[in-house]
Amino acid sequence: MTAPLPLGSTIGIIGGGQLGRMLAMAAARLGYRIVVLEPQVDCPAAQVANRQIVAAYDDPAALDELARSSAVVTYEFENVPVVAAEHLSKTVAVYPPARALEVAQDRLVEKTFLNGIGISTADFRPVENDNELADALKAFGGNGILKTRRMGYDGKGQMVFRNMAAGGFDGACASLGNGQLILESFVAFEREMSVIAARGTDGSIAVYDPAENVHRSGILASSTVPAGISEQTAEAARDAARKILSALDYVGIIGIEFFVMPDGALLANEMAPRVHNSGHWTEAACVISQFEQHMRAVAGLPLGNANRHSDCVMENLIGDDIEKVQALLAEPDVAVHLYGKAEARPGRKMGHFTRISQSRR
Ligand code: AMP
């Protein structure tokens, strides 16, 4: 257990999007100051932070400045260069640990890690060319999803194959950039869900209730709590989260996405070593949100209660959805959260809202 960060200390955040913004707001409530490293000026996080270092995430001078200015450094996205995290770790504590980035940045490493600690995933094969793709597709009965191993998000860098064992996919690997790819077997899931969990510097763990997630065009549309799953499935998800956190000697919040099979069995899809969009409901339906929980963890404070006091549905406000805000504000049980982005482009996350239910299941 590291000593708690003294009040007034500065916490560094790499990345200045909406997740950084919500982390900064939670840190302020706990009496801390925030410095954000982000190349885009006036980013969502900088609007509510004490200071922004305007530079690329891998700029060595900027990273040194961040390390000098911060008592601890965290991040809001999983593609922080591992070398940057390792460089920072020489002079300042970095949470979650660089190992979590390494695992989460590569789907092949991630699935191998998960299987290694007893957590099931879709079947998978590394693929680097169309011949290897043909062999892998044959092994999976002609169905699968080809993904880039790295840098994929919101369904980007993916190609779905159905009944393709006989060929007809020449050039598929090239169209995904020809690099290191992975073919996953196609999972006929009943629903998708995620679990948000935290581990403190003292090894204590707090797990939020699983949320049921609906994606549209590869982007999270809504998270509903409670998820429509059995208590047995919920406990299996919580147990997987505890295993992952302990295996990585993790500090902070993690988000883990699962497929739920018709018989209730779980397959882990991916994990994000950061606060997660499918955990935004926690700010309205729990005493301690995922954002405060993350800041408590990285600051060496005790974790708070992750219990849910209300049922709820969180929906993202994407692009033009921002026009719904006035009507949402008129609903008494809706908490609206906007990200301070000036321009509402299609597919851009502008905010979210959580509709609280007065009853609790
Ligand atoms: P990902 O980028 O891995 O989160 O994938 C984006 C979405 O594609 C997921 O939320 C699922 O809806 C779908 N998907 C991903 N992998 C698979 C799979 N192996 N089988 C079926 N659907 C998948």
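Which residue in S12 is the bridge partner of Glu 192? In this predicted model, the bridge partner of Glu 192 in S12 is Asn 213. The pair belongs to a contact between strand S10, which covers residues 191-199, and strand S12, which covers residues 211-216, and these two strands pair in the antiparallel sense over three bridges. Strand S12 also pairs with strand S13, residues 219-225, again in the antiparallel sense, and here five bridges are found. Within this second pairing Val 214 stands opposite Ser 222 in S13. The hairpin formed by S12 and S13 has two residues between the strands, and in this hairpin Ser 217 takes a positive phi near 50°.

The domain assignment of the protein gives three parts, namely domain 1 (10-94), domain 2 (123-184) and domain 3 (191-358). Between the C-alpha centres of domain 1 and domain 2 there is a distance of 35 Å.

Strand S5 is joined to S4 in the parallel sense over two bridges, and Val 73 stands opposite Val 94 in S5.

On the side of H1, the residues of the contact are Met 22, Leu 23, Ala 26, Ala 27 and Arg 29, and they meet Phe 291, Glu 292, His 294 and Met 295 in H10.

A search of the whole structure for aromatic pairs finds three. One of them is formed by Tyr 57 and Phe 77, with a distance of 4.7 Å centre to centre and an angle of 50° between the planes, and this pair is described as tilted. Tyr 57 lies in the loop between strand S3 (51-53) and helix H2 (60-69), whereas Phe 77 lies in the loop between strand S4 (72-75) and helix H3 (82-89), so the pair ties together parts that are 20 residues apart in sequence.

A further open sheet contains four strands in the order S6-S9-S7-S8, and its pairing is antiparallel. Strand S6 (124-127) and strand S8 (158-161) stand at the edges of this sheet, and because each has a single partner strand, one side of each is left without a neighbour in the sheet. On average, and with direction ignored, neighbouring strands of this sheet are turned by 20° against each other. Strand S7, residues 144-148, pairs with S8 in the antiparallel sense over four bridges, and the bridge partner of Lys 147 in S8 is Gln 158. Helix H6, residues 130-139, lies across S6, S7, S8 and strand S9 (181-185), and runs at about 170° to S6.

Definitions and conventions:
Residues are numbered from 1 along each chain as its sequence is written. This is a predicted model: local features need pLDDT of at least 70, side-chain atom pairs count only at pLDDT 80 or more; totals for chains, interfaces and linings use all residues. Side-chain values use heavy atoms; hydrogens and water are left out. Two strands pair if DSSP finds at least two bridges between them. Axes are lines fitted to C-alpha atoms, for helices over the stretch in contact, and angles run from 0 to 180 degrees between N-to-C directions. Contact means heavy atoms within 4.5 Å. Domain bounds come from an automatic or database domain assignment. Rings of Phe, Tyr and Trp (its six-membered ring) pair if their centres lie within 6.5 Å; planes under 30 degrees apart count as stacked, over 60 as edge-to-face and the rest as tilted.
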